[in-house]
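Here are my notes on the model you sent over, with the cut-offs written out so that you can check them yourself.

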Amino acid sequence: MGNSLMLNPRKSTSVATPQGVTRTGRLFAIVSVGEAITWAGLLVGIFLKYVTETTDIWVAVFGRLHGAMFLIYVLVTILAALILRWPGWVAVVAILAAIPPLVTLPLEIWMRRTGLLSSWKTRPYKRHDPAEAHS
C-alpha cells in the first residue's frame, strides 16, 4: 500500500474547470449521462408496463437502448481508467455505479470535482507516505 494513490484531502475540494477535463473525461461524462437517461427511460417503461399496465413499448425501446448504453459505459470506463490512470478502486466503483439506477450521475460529478476527468499529470493526488499517517 505504500505506493498506492490516495486523494489529498487538502486539495480534494478543488473543482476541475471544463477546460481541465480531457476529451476522454468528456466522453466518460457524456456516456455517464446517457447511461442514466436510458436507465430512467427503462424505469418509466417498467412502471407503465407493470403498474399502470398501459403499454410495454417503453420497455422494448429503453431496454435495448439501456443495454447498449450499459455496454458502451463499461467499455468507455475501462478506456478512461487506463488513459486517465485512475486508481483501481476508482475504476471498480465506476463500473459498479452502472448497476443501480442513476448512480452514474453523482459519480460523474464527484469525478469532475476531484479532477479524475482531467489529465493525470495535473490531478490533485499524492503518493501515500506511511510516515505521514503517523504524524
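1. F28 is buried, at a relative accessible area of 0%; buried means under 20% relative accessible area, exposed over 50%, and partly exposed in between, with a 1.4 Å probe and protein chains only. This is a predicted model, in which local features need pLDDT of at least 70 and side-chain atom pairs count only at pLDDT 80 or more, while totals for chains, interfaces and linings use all residues. Residues are numbered from 1 along each chain as its sequence is written, and side-chain values use heavy atoms, with hydrogens and water left out.

2. Which residues does F28 touch? Leaving aside residues up to four places away in sequence, its partners are Y73, V76, T77, A80, W86, A94, L107, M111 and L117. A contact here means heavy atoms within 4.5 Å.

3. F28 is also among the residues with the most contacts inside the largest nonpolar core, a group of 20 residues; the others named are Y73, W86, A94, L107, M111 and L117. Such a core is a set of buried Ala, Val, Leu, Ile, Met, Phe, Trp, Tyr and Cys residues joined through side-chain atoms within 4.5 Å. Two or more residues each come from α1 (23-51), α2 (57-83), α3 (88-96) and α4 (104-113), and α2 gives the largest share, five residues. Helices (H or I, at least four residues) and strands (E, at least two) are DSSP runs, numbered from the N terminus.

4. Now the aromatic pairs, of which there are four. Rings of Phe, Tyr and Trp (its six-membered ring) pair if their centres lie within 6.5 Å; planes under 30 degrees apart count as stacked, over 60 as edge-to-face and the rest as tilted. F28 and Y73 make a tilted pair, 5.6 Å centre to centre with 40° between the planes. Because F28 lies in helix α1 and Y73 in helix α2, this pair ties together parts that are 45 residues apart in sequence. Y73 is buried too, at 0% relative accessibility. The rings of W89 and W110 have centres 6.1 Å apart and planes at 50°, so this pair is tilted. W89 is partly exposed at 43%, as is W110 at 30%.

5. F28, Y73 and W86 form one aromatic cluster.

6. Finally, please look at L84, in the loop between α2 and α3. L84 is buried, with a relative accessible area of 3%. Its C-alpha atom is 9.0 Å from that of K121, which is 37 residues away along the chain.
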